[in-house]
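Please read these notes with the model open beside you. Each point can be checked by finding the named residues.

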Amino acid sequence: MASDGNMANVNGRDTSSSTATLNGEPVVKRPRESPSRENLLRVPKEPKNKVTVVLGAQWGDEGKGKVVDLLAMDADIVCRCQGGNNAGHTVVVDSVEYDFHLLPSGVLNKKAVSFIGNGVVVHLPGLFGEAEKNLQKGKGLQGWQERLKISDRAHIVFNFHQAVDGIQEQQRQQQEGKNLGTTKKGIGPAYSSKAARNGLRVCDLIADFNVFKDKFRMLAEHFQTMYPNLNVDIDGELEQLKKDAERLRPLVTDGVYFMHEALNGPSKKILVEGANAALLDIDFGTYPFVTSSNCTVGGVCTGLGVPPSYVGRVYGVVKAYTTRVGVGAFPTEQDNEIGDLLQSRGREFGVTTGRRRRCGWLDLILVRYAHMVNGFSAIALTKLDILDTLTEIKVGVAYTVDGKPLPSFPANMDVLMRVSVEYKTLPGWRCSTEAARSFEELPAKAQDYIRFIEDFLEVPVKWVGVGKSRESMVKLY
């Protein structure tokens with residue numbers, strides 16, 4: 001096949017005089033009926049604005065909220081594209097600690113619009129309760145209603161979805177002796193309703209409520225048929241939903257049109273905040289111990305209605321060690337004093353569930369796999385300071401099974417449970433990094449740790465986190 005530069009004929013048309021434009025597509029001259037437009041060129045539009053994406057590169061809890069908060073300071077729009085209130089982001093501003101589950105972390109920026117896209121599943125009591133709880137903590141959330149938009153195509157999580165989540169988890173435990181470790185927030189059952197095409201969306205709730213009532217009853221009765229022990233107060237829920245609809249109505253917008261206008265209008269900085277993380281992705285994660293949405297970069301397009309050509313920089317957030325909540329394979333887990341030290345120094349408890357996180361060494365095989373799927377432009381390395389006291393630090397660099405090297409990250413979880421990890425041992429720096437505000441101010445051995453990660457992944461580290469606050473995210477270039 002001829003290269004772009006030598007493309008003389010495309011579908012029978014001579015394009016030898018054309019120049020490559022968007023995505024290598026040639027500009028083609030077409031005659032017009034009007035003589036005045038005969039030689040005008042139909043040129044594909046270059047995107048005016050592109051979205052910047054922040055994604056977790058491990059099993060979640062990497063510190064995405066802190067990175068988003070940093071980038072949201074001068075953003076015009078901050079978006080959530082998938083997941084629900086199973087996500088948990090902690091952001092510290094002016095010594096006040098805010099916890100977000102559904103609201104984008106960027107809602108603290110009073111100059112930015114926060115947008116919940118169609119790929120998110122929304123539990124309305126959770127949304128309003130989260131806002132009220134954070135309002136009591138500080139002034140950061142004041143006026144949040146004026147700067148929040150919700151896509152009319154987003155699906156709704158109902159209370160019975162949450163109840164079903166708990167029943168399903170209990171059944172797994174009884175039938176298989178193990179569960180998935182879900183947050184019991186109803187996320188899986190809500191996405192199941194979406195896929196089964198009997199789910200209800202925001203646009204349904206704010207339309208004719210009598211029509212919505214009938215659809216809601218049918219959906220609730222469907223789950224009651226599947227789970228005879230499920231108790232649903234249908235009339236009570238409908239009464240609350242009618243009130244929620246009025247609170248929700250001013251926030252709702254046509255999400256596709258909203259994003260199109262933002263992308264093609266005046267210059268704007270648009271930030272997308274990923275929830276969960278790459279290894280929890282429904283397709284690419286450690287299935288079945290995953291969430292129910294696409295939390296890799298493809299979810300940005302489907303969860304917001306953003307064309308792929310409008311995706312700009314993609315930043316992967318990587319914790320300087322590895323953690324995981326719940327059950328599932330964890331090759332570099334340290335169920336020993338090292339794991340206990342990481343857990344206590346890192347205060348590793350889930351924001352959403354309060355569960356103790358399992359801890360282990362940094363697994364670069366896993367992070368490299370996440371990079372293959374997402375194509376990270378750069379890395380934000382968080383919680384480096386948690387390693388400050390260690391004499392030596394290990395990094396997972398290869399997997400073997402039965403003595404044979406694995407060429408790639410395995411899809412089969414039975415295989416992943418059996419892998420042996422080959423480690424590279426690096427010397428610890430054994431001093432505090434918390435005061436560092438540049439790469440040069442970090443201890444030499446901490447600098448070596450960062451360089452090793454960059455060399456292995458072939459991706460630059462742009463930020464390093466050495467504390468809890470926004471200011472502790474050190475920009476390296």
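1. Start with Val474, which sits in strand β24 (residues 473-475). This is a predicted model, and everything below should be read with that in mind. Is Val474 buried or exposed? Its relative accessible area is 2%, and the cut-off for a buried residue is under 20%, so Val474 counts as buried. Setting aside neighbours within four places in sequence, Val474 is in contact with Ala436, Arg437, Ser438, Phe439, Lys462, Trp463, Val464 and Val466. For one of these, Ala436, the separation from Val474 is 38 residues in sequence and 7.5 Å between C-alpha atoms.

2. The protein as a whole has 477 residues, and 53% of them are buried. It contains 13 helices and 24 strands. Among contacts with a separation of 6 or more, 73% are between residues 24 or more positions apart.

3. Helix α1 (residues 64-72) is mostly covered, with eight of its nine residues buried. Which residues of α1 are buried? They are Lys64, Gly65, Lys66, Val67, Val68, Asp69, Leu71 and Ala72. Note that the list includes Lys64, Lys66 and Asp69, and that lysine and aspartate are classed as charged.

4. The buried residues in α2 are Leu124, Gly126, Leu127, Phe128, Glu130, Ala131 and Asn134. When reading such a list, remember that an α-helix has 3.6 residues a turn, so residues three or four places apart point the same way. The cover over the buried residues of α2 includes the strands β8 (96-100), β9 (113-116), β10 (121-122) and β11 (148-151), and the helices α5 (202-205) and α7 (234-248).

5. Helix α7 also packs against helix α6 (residues 209-226); the angle is about 140 degrees and the axes are 11 Å apart. Why is this pair called oblique? The label roughly antiparallel is kept for angles over 145 degrees, and α6 and α7 are therefore oblique to each other. Their crossing is right-handed. On the α6 side, the residues in the contact are Phe209, Phe212, Lys213, Phe216, Arg217, Ala220, Glu221 and Gln224, and they meet Ile234, Asp235, Glu237, Leu238, Leu241 and Lys242 in α7. By class, this contact has seven nonpolar, one polar and six charged residues.

6. The crossing of α11 past α13 is right-handed. Here Leu364, Ile365, Val367, Arg368 and His371 in α11 meet Phe452, Ile453, Phe456 and Leu457 in α13. The residues of this contact divide into seven nonpolar, one polar and one charged.

7. Asp94, in the loop between β7 (89-93) and β8, has a positive phi near 50 degrees. Lys383, in the loop between β19 (378-382) and β20 (392-401), has a positive phi of about 60 degrees. Are these residues buried or exposed? Asp94 counts as exposed because its relative accessibility is 72%, whereas Lys383 counts as buried at 18%.

8. Check the peptide bond between Tyr287 and Pro288 as well: this bond is cis, with omega about 10 degrees. Pro288 lies in the loop between β14 (270-273) and α9.

9. Helix α9 (residues 298-304) holds Cys301. Apart from neighbours within four places in sequence, Cys301 is in contact with Val306, Pro307, Pro308 and Val311. How far apart are the C-alpha atoms of Cys301 and Gly119? These two residues are 182 residues apart along the chain, and their C-alpha atoms are separated by 9.3 Å.

Conventions. Residues are numbered from 1 along each chain as its sequence is written. This is a predicted model: local features need pLDDT of at least 70, side-chain atom pairs count only at pLDDT 80 or more; totals for chains, interfaces and linings use all residues. Side-chain values use heavy atoms; hydrogens and water are left out. A crossing is left-handed if the near helix is turned anticlockwise from the far one by less than a right angle, and right-handed if clockwise. Helices (H or I, at least four residues) and strands (E, at least two) are DSSP runs, numbered from the N terminus. Contact means heavy atoms within 4.5 Å. Buried means under 20% relative accessible area, exposed over 50%, partly exposed in between (1.4 Å probe, protein chains only). Axes are lines fitted to C-alpha atoms, for helices over the stretch in contact, and angles run from 0 to 180 degrees between N-to-C directions. Angles under 35 degrees count as roughly parallel, over 145 as roughly antiparallel, 65 to 115 as roughly perpendicular and the rest as oblique.
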